[in-house]
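Reader: I am new to this structure and would like to learn how to read its features one at a time. Could you take me through them slowly, giving the general idea and then the case at hand?

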Amino acid sequence: MTTLNRPLVEKLLTEVSTKYEPYGYISEKILPTITVKMTAGKIGGYQMPKTGPDSGYYLHSGDGEYQRVTQTAKTLTDYVLQKNAIGAVITEEDFANVEDPFEARTDTTEELTELIWADKEKSLANFLNDNANYSASNTSALAGTAQYNDLSNSKPLEDAAVAREAIRSKTGMTPNIAIMSGEVYDYLRANQQLRAAFGAKYSLNGRLDAQSLALALDVEEVLIGEAIADFAVEGQASDIRSIWGKTVIYAVAPRAARRKQITLGYRVQKNTPRRITRVNLQDPVGAEKILMDDWYQQKIINIDAAYLYTAAIA
């Protein structure tokens, strides 16, 4: 397959990709974003405030005494952006099936964008759903009647309180988001304890919406991951299931990045947008190749700012 010209950066297709947000993907809503110029460098991370001699700061009280004051502990951590690239060929037949050639290019761009999102989603979910990445006091497995598919006996309010206190004891912050799959969400919104909290226990249509669930769980937002993927090894039968699985994750993840904040992590993104290029091909005749690249790293800064419940449903 040879080309007739050099790749041409497509501003319109780049805009299509930037604006396109596939249904059910939440990875870009979890971590606040930091934009950087360089593909590698250092960013600041902050831990729970310290007091006493280790803090290094004292306040003179006016009576000869120096009172200890708190200092947010800052650390520098390395980031290395990864180039995520993907491409697809639009054939002459593809162009013939649409009235406007731009439609074929738009469809292909959206398909490639969704693949980039899927890779990003799976990468973050795989890390956050793995209890090996957490300290023992920040993860727990639910079992039996404690699992949320037991609508009558499970106690998600108590579970949320445990997660909140575990995170607060290590970070000084309380979680502002809860992350779960659509399947877990459907069980929680029908849970009798949660419905009773809103006076909807015996209502036929008493299922809670995401906003009500967030209020009950004492977080600002419930992020519901509806994306699915095929987890089968190549050559084996399909294994299609939710990317976010059967877990619930509570986390401190501010909506926007700012100085001296405690957060689970950042999405470190190159300051140039996701780029789309187009190349005319000589073979096959009349075909084009659409190429997409995106530079980012989903960097976990402080895993103690999260709490994981595995096996939230059976």
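Reader: Which residue forms a salt bridge with lysine 42, and how far apart are the closest N and O atoms?

Author: Side chains of opposite charge can pair when their charged atoms come close. A salt bridge here is a side-chain nitrogen of Lys or Arg within 4 Å of a carboxyl oxygen of Asp or Glu. In this predicted model, where local features need pLDDT of at least 70 and side-chain atom pairs count only at pLDDT 80 or more, totals for chains, interfaces and linings use all residues. Residues are numbered from 1 along each chain as its sequence is written, and side-chain values use heavy atoms, with hydrogens and water left out. Lysine 42 pairs with aspartate 78, and their closest N and O atoms are 2.5 Å apart. The pair links distant parts of the chain, since lysine 42 is in strand β3 (residues 40-46) and aspartate 78 is in strand β6 (residues 74-80), 36 residues apart. Strands (E, at least two residues) and helices (H or I, at least four) are DSSP runs, numbered from the N terminus.

Reader: Is lysine 42 buried or exposed?

Author: Buried means under 20% relative accessible area, exposed over 50%, and partly exposed in between (1.4 Å probe, protein chains only). Lysine 42 counts as exposed because its relative accessibility is 53%, whereas aspartate 78, with 43%, is partly exposed.

Reader: Which parts does the salt bridge of arginine 275 and aspartate 293 tie together?

Author: In this salt bridge the closest N and O atoms are 2.9 Å apart. Arginine 275 lies in strand β15 (residues 275-280) and aspartate 293 in strand β16 (residues 288-300), so the pair ties together parts that are 18 residues apart in sequence. Arginine 275 is partly exposed at 37%, while aspartate 293 is buried at 10%.

Reader: How many salt bridges are there by this rule, and which residues are linked in a network?

Author: The count comes to 17 salt bridges, and a network of them links Glu28, Lys120, Arg267, Arg274 and Asp294.

Reader: Which residues touch the most other members of the largest nonpolar core?

Author: In soluble globular proteins, nonpolar side chains tend to be buried together. A nonpolar core is a set of buried Ala, Val, Leu, Ile, Met, Phe, Trp, Tyr and Cys residues joined through side-chain atoms within 4.5 Å. The largest one has 51 residues, of which Ile30, Met180, Trp244 and Tyr250 touch the most other members. The largest share of this core, 5 residues, comes from α4.
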